[in-house]
Amino acid sequence: MVSTSVWALGAAVLAVHVALYMSGMCCFGGHASGGSGGDAALELSSDLTLTYFQLRGRAEPIRLYLEANGVPYNNRMLSKDEWLAEKAEHAYDKYTFAQLPHLQNGEHSVVQMMAILAHIHRHLPVDPEVAALSSNEREAYTSKTEQYALALEDVRGAYGRLAYMQGTEEEKNAALQEYLESKMPKWLHAFEQILLKNGGFFGKGFHLVGDSLHWVDVLLWDLLDTHMHESVGGPQLLKEYPMLGRFYDTFRAHSRVAAYLESSRRSAQAHGSSAWLGARA
């Protein structure tokens, strides 16, 4: 049986960790605190430009990752007509698959949400703890991030199919109930366990892998945030998942993230106009 003094020590460690996290003094990659990226010689352009539509969508995790790390960037948000004009000129060239989001980092032109996130990650200062990993430990670290990223893409895909579903109101509501009662609990439970196994019992568990921000953390947070809208489940969705609830609240409360979320720079519209779920402008 664990003694009261051990629990008290754990609570004290957690309180200090949360305070530092929210102030931006630890646990976040970026220029101020040291990231968890790759080659320290790589640099992000002073004219870094992210191009997407006038909504959150698949660009929002990228914006959140840049904001959390304190990276300046140009946030180009195109109207439908502006995108059609650009696509006509640059499709399958600059825009490799004739899709957005797109990141221009100096001479590097990058498309696809996860590829952009990984590109940014490699250009952030290296987390000393990650740099110190052995080759086997680094492989385990990288393998986990890849697994979690692909699993989150599965969740995003399932949600996207639901959000843009065509049909009667009765059919849509039935599909939503099945999604919330059968599909989401499985994923929420899995990620709750991942946080617990990553130090959740010892005052940590703020990240999916390691002790500093990785872009897979932002993918998870963005999905949770999407589901906080009342049309998609709302805050009660995390009632039985305390680790996920703490993860969500702590990231949201971080000074740089909170400033972005409360600013006019963040689009009020979550999805395209044909979606029937999520936040709208």
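A residue is called buried here when its relative accessible area is under 20%, exposed when that area is over 50%, and partly exposed in between, with a 1.4 Å probe and protein chains only. The model is predicted, so local features need pLDDT of at least 70 and side-chain atom pairs count only at pLDDT 80 or more, while totals for chains, interfaces and linings use all residues. Residues are numbered from 1 along each chain as its sequence is written, and side-chain values use heavy atoms, with hydrogens and water left out.

Of the 281 residues of the protein chain, 48% count as buried. The secondary structure comprises 10 helices and four strands, where helices (H or I, at least four residues) and strands (E, at least two) are DSSP runs numbered from the N terminus. Along the sequence, these elements follow the pattern α-β-α-β-α-β-β-α-α-α-α-α-α-α. Taking a contact as heavy atoms within 4.5 Å, 70% of the contacts between residues at least 6 apart in sequence join residues at least 24 apart.

Helix α4 (residues 113–122) is largely enclosed by the rest of the structure, because seven of its 10 residues are buried. The buried residues are M113, I116, L117, A118, H119, I120 and H121. They pack against α2 (60–68), α6 (135–163) and α8 (215–227), and also against the strands β3 (102–105) and β4 (108–111).

The aromatic rings come next. A pair of aromatic rings is described by the distance of the centres and the angle of the planes. Rings of Phe, Tyr and Trp (its six-membered ring) pair if their centres lie within 6.5 Å; planes under 30 degrees apart count as stacked, over 60 as edge-to-face and the rest as tilted. By this rule there are seven aromatic pairs. One of them joins F53 and W83 edge-to-face, at 6.0 Å centre to centre and with 90° between the planes. This pair links distant parts of the chain, since F53 is in strand β1 (residues 49–53) and W83 is in helix α3 (residues 80–90), 30 residues apart. F53 is partly exposed, with a relative accessible area of 25%, whereas W83 is buried at 6%. Another pair is Y159 with Y179, whose ring centres are 6.3 Å apart and whose planes are at 50°, so this pair is tilted. Y159 lies in helix α6 and Y179 in helix α7 (residues 169–197), so the pair ties together parts that are 20 residues apart in sequence. Y159 is buried, with a relative accessible area of 4%, and Y179 is buried as well, with 2%. Ring pairs also link Y52, F53, W83 and Y95 into a cluster.

A charge can also sit over a ring, which requires NZ of Lys or CZ of Arg within 6 Å of the ring centre and within 35 degrees of the ring normal. R246 lies in this way over the face of F206, at 4.3 Å from the ring centre.

On a 1 Å grid over the protein atoms alone, a cavity is a set of points where a 1.4 Å probe fits but cannot get out, and a pocket is an open set with protein on both sides within 12 Å along at least five of seven lines; lining residues have an atom within 4 Å of a point. Grid points are joined across faces, edges and corners, and a volume is the space filled by probe spheres set on the points. The largest pocket holds about 780 Å³. It is lined by 37 residues, of which Y52, L55, G57, R58 and Y164 are the closest to its centre. β1, α3, α6 and α8 each give two or more residues to this lining, and α6 gives the most, with seven.

There are two cavities of 30 Å³ or more. The largest cavity has a volume of about 70 Å³ and is lined by L152, V155, M184, W187, L188, F191, L220, L223 and L224. Two or more of the lining residues come from each of α6, α7 and α8, with the largest share, four residues, from α7.

Finally, L244 is found in helix α9 (residues 242–253) and is buried, with a relative accessible area of 0%. Leaving aside its neighbours within four places in sequence, L244 is in contact with L188, F191, E192, L195, L220, L224 and L238. L244 and L195 are 49 residues apart in sequence and 7.6 Å apart in space, C-alpha to C-alpha.
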